[in-house]
Amino acid sequence: MPTKLDMAKFAKFCKDMGFVFQSSEIYGGINGFWDYGPLGVELKRNIKEAWWQDMVRNPPPGPDGQEIRMVGLDCSIIMNPNVWVASGHVGGFSDPMVDCLKCKKRFRADKVHFACAVVDSAPHAISVEADNATDAEPLLKEKIAKLDKKKHPVGRALKAAAQLEYHSATALPASWPRPCPAEDCDGTLTEPRAFNLMFESHAGPIASDENKVYLRPETAQGIFANYKNVLDSSRLKLPFGIAQVGKAFRNEINPRNFTFRSREFEQMEIEFFCHPNESRKWYEYWRDLRRQWYSRLGLKSENLVPREQGQEELAHYSVGTTDIEYMFPFSDEPQELEGVAHRGDFDLSAHSSRSGKDLKYFDEEGWNALLQARLEAFKDDKAKREEEKKKLEKEEKAQFQFVPHVIEPSAGADRFTLAVLCEAYTEDTAPDAKGNPETRIVMKFHPRLAPIKAAIFPLVNKDGMDEEAKKLYRELKPFFNVVYDQSGAIGRRYRRQDEAGTPFCITVDGDTMKDGTVTIRDRDTLKQERIPKSEVRKVLEKALSPV
Ligand code: GAP
């Protein structure tokens, strides 16, 4: 991956190749919504399937070397609104926003930055939109310089100021002016106001408050709401996890950086329930495991940065969170790919108190073991045994009934897809048909994630090579996503597959017709090997094996 990618060029490449399209592009698109084309949908499916296989069906052993218990769930996107009251989303899932009273544009308050000063007893300020204070300062200075050139009174005053103060809109003292940061707008911003990020709709024909529902902003709450159903129906014992992959919706104020911050996206979430005394151990386990998973699927370790959140950053439910961040090429700083949060007992306790349902876990095995040990001494005296049992029930049983703690590895399927696309994108040099060096774009996907696993070519469309190649293609098709391509020069066909990120190209040539061997070309090393055609399936299986 180049350290920096021209994201506009990259987005165009993704569109031209059929990875990602702007949603409803023929109508001018819609901000924050994206579609996956023929190659993109395969890539994203492979990502979700790899996650499901590696985390749900075959997770690695836990810290104690024992198998992990993990089950899946697929719940509805729209749920009873009480779910979102209990989770805190109705009350608190909001960003502070400012609106321009003139141009009506809306901005996230923490992304609007001001330079201000009092000159001749009058306060002056200008503003820009920027991700953080560090990015904002040079932009503000640049803007002041430009204003000064036009003899703008604010610009003049700020230029003359002995010292400038810098604030974001969330921290700007109330008495300062709040100019709009939009180009060519001299309007004023409102004070920051909370803006809930949940999309609203109505269930039923009447758009009343009673019928108000929300599109889920995370898949996690569906898991908590079903915790008891899963426990009762599967007889699971702690510790265990419930996993879900599905769409989530957030009315993000400022969707940006291609698919990175979208309004509709997919999450891959696990809620791992454990005994409170073991939660630290499981938190560390999931934090480390999830980072390794990304590396195993091709993200370079140096581009992956786990970052423990500071106390002030923590979400309302979290007692500790590590963001697994990735060095996306559109940013100077690593950005969140996944959050691994220690949620304590926040969610189950909140749902228990709002629904009135007891969501405590009863450690039956632990309780029975205690009973057995303590009642052993009274095994020949039934009356004493009953008396002792009652005492234990009164004094000790409660410790075996508790609200489990939860560790939540919460990944974004679209964010990981974007990271995989960025990481895979490579421009290098490969020899053309005549052996001359030629620049190529190659998507170096991990074979498990690659949209197409192999392309099968006849060298030329004669002497039975095309029939033989088609036969091989048909043999492989039930097992892998493979393509058959007989059009154009062989070098062009290789280039097409390099751009699609196909790890193997298999060519049927004259020798195939004599000895049954084919050439298999490796996308990354460009090495070509001759192997019996009967071995192709084995080679692909090995490359795609999750272990
Ligand atoms: N249940 C916890 C939760 O939802 P989060 O950090 O808000 O936590 C988890 O989201 C993951 O979902 C993020 O790490 C990111 O990968 C993905 N995600 C969140 N908001 C997103 C957005 N607007 N666009 C794309 N992905 C997003």
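**Exercise 1. Find the distance between a polar side-chain atom of Glu252 and a nitrogen atom of the ligand.**

Solution. 
- Step 1. The model is predicted: local features need pLDDT of at least 70, side-chain atom pairs count only at pLDDT 80 or more, and totals for chains, interfaces and linings use all residues. Residues are numbered from 1 along each chain as its sequence is written, and side-chain values use heavy atoms, without hydrogens and water.
- Step 2. A polar contact is a pair of N or O atoms within 3.5 Å; within protein, one must be able to donate a hydrogen and the other to accept it, and residues adjacent in sequence count only if both atoms are side-chain atoms.
- Step 3. The Glu252 atom lies 2.9 Å from the ligand nitrogen.
- Step 4. Turn to ligand oxygen atoms. One is 2.6 Å from a side-chain N or O atom of Glu336. For Arg250, the distance from a ligand oxygen to a side-chain N or O atom is 2.8 Å.
- Step 5. Taken alone, the ligand exposes 550 Å², and the protein buries 91% of that (Shrake-Rupley method, 1.4 Å probe).

**Exercise 2. Describe the shell around the ligand: which element gives the largest share?**

Solution. 
- Step 1. Of the 21 residues around the ligand, Glu218, Arg250, Glu269, Glu336 and Leu337 come nearest.
- Step 2. Strands E13 (264-274), E16 (335-344) and E19 (405-412) each give two or more residues. Strands are DSSP runs (E, at least two residues), numbered from the N terminus.
- Step 3. E16 gives the largest share, five residues.

**Exercise 3. Locate Lys104 and Asp184, and state whether each is buried or exposed.**

Solution. 
- Step 1. Most residues other than glycine have a negative phi.
- Step 2. Lys104 has a positive phi of about 70°. Lys104 sits in the loop between strand E4 (94-99) and strand E5 (106-108).
- Step 3. Asp184 also has a positive phi, about 60°. Its loop runs between strand E8 (165-168) and strand E9 (193-196).
- Step 4. Buried means under 20% relative accessible area, exposed over 50%, partly exposed in between (1.4 Å probe, protein chains only). Lys104 is exposed at 62%. Asp184 is exposed at 83%.

**Exercise 4. Where is Pro239, and what is the omega of the peptide bond from Leu238 to Pro239?**

Solution. 
- Step 1. Most peptide bonds are trans.
- Step 2. The bond from Leu238 to Pro239 is cis, with omega near -10°.
- Step 3. Pro239 belongs to the loop between helix H8 (227-234) and strand E12 (240-249). A helix is a DSSP run of H or I, at least four residues.

Notes:
Near = heavy atom within 4 Å.
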